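Hello,

I am passing a structure on to you today, and I hope you enjoy looking through it. My notes on what turned up follow just below it.

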Amino acid sequence: MELKEIIDRQYNQKLYYCNDEKLVQEQLKCLDLLYDFNQTRPLEQEKRSELLKEMFSEIGEDCYIEPPLRANWGGKNVHFGNGVYANFNLTLVDDGDIFVGNNVMFAPNVVIASATHPIHPELRRKQAQYNLPIYI
C-alpha cells in the first residue's frame with residue numbers, strides 16, 4: 001500500500017496498519033520536533049512557541065504547554081484554540097485529529113486518545129488500528 005493510501009485511511013476512520021514502515025518514517029520526523037520541544041529550558045518560552053507552531057496542525061494565541069508533552073505524532077494532528085493551558089505530562093494519542101477549543105485547561109497527567117484497536121485477535125496481532133476524531 002502506498003503512503004498516501006495509508007494516510008487517507010488514517011484520517012477517515014478506516015482500518016490500517018500503524019506499523020507500516022513508510023508510515024513509521026513519517027511519524028519519526030514528527031517525533032524529532034517533539035523531542036526538541038521537550039529538551040527546551042524553562043527560559044526558552046519563545047523557542048517553545050515556535051516549535052509548537054511547527055509541530056501542531058493549529059495552535060492559537062496564548063497557549064502554554066508545560067513539558068514534557070507526549071504525542072504519537074508529535075502534535076501533527078492536534079488543533080488547539082486560543083488560551084489553552086496544559087500542565088506537565090499531557091499525552092496526546094494523535095494518530096487522528098484532536099480538536100481543543102478556546103480556554104481549555106488540562107490538569108497534570110491527562111491522556112487524550114484518538115486511536116483505537118479492533119477487538120479481533122488477528123487484527124490486533126498485526127497492529128491494526130483506526131482513529132476517531134476528538135472534540136473538546
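In these notes, helices (H or I, at least four residues) and strands (E, at least two) are DSSP runs, numbered from the N terminus. This is a predicted model, so to speak of a local feature a pLDDT of at least 70 was needed and side-chain atom pairs count only at pLDDT 80 or more, while totals for chains, interfaces and linings use all residues. Residues are numbered from 1 along each chain as its sequence is written, and side-chain values use heavy atoms, with hydrogens and water left out.

Let me start with the loops. Between β8 (98-100) and β9 (105-106) runs a loop that holds asparagine 103. Although asparagine 103 is not a glycine, its phi is positive, at about 60°. Asparagine 103 is also exposed, with a relative accessible area of 62% (exposed means over 50%, with a 1.4 Å probe and protein chains only).

Asparagine 109 sits in the loop between β9 and β10 (111-113), and this non-glycine residue too has a positive phi, near 65°.

The loop between β3 (64-65) and β4 (69-71) contains proline 68.

Now to the strands, where two are said to pair if DSSP finds at least two bridges between them. An open sheet of three strands has the order β3-β6-β9, with parallel pairing. Its edge strands, β3 and β9, each pair on one side only. Strand β6 (residues 85-86) runs parallel to β9 and is joined to it by two bridges. Across that pair, alanine 86 stands opposite phenylalanine 106 in β9.

Best wishes

Note on methods
Buried < 20%, exposed > 50% of the residue type's maximum accessible area, 1.4 Å probe, protein only.
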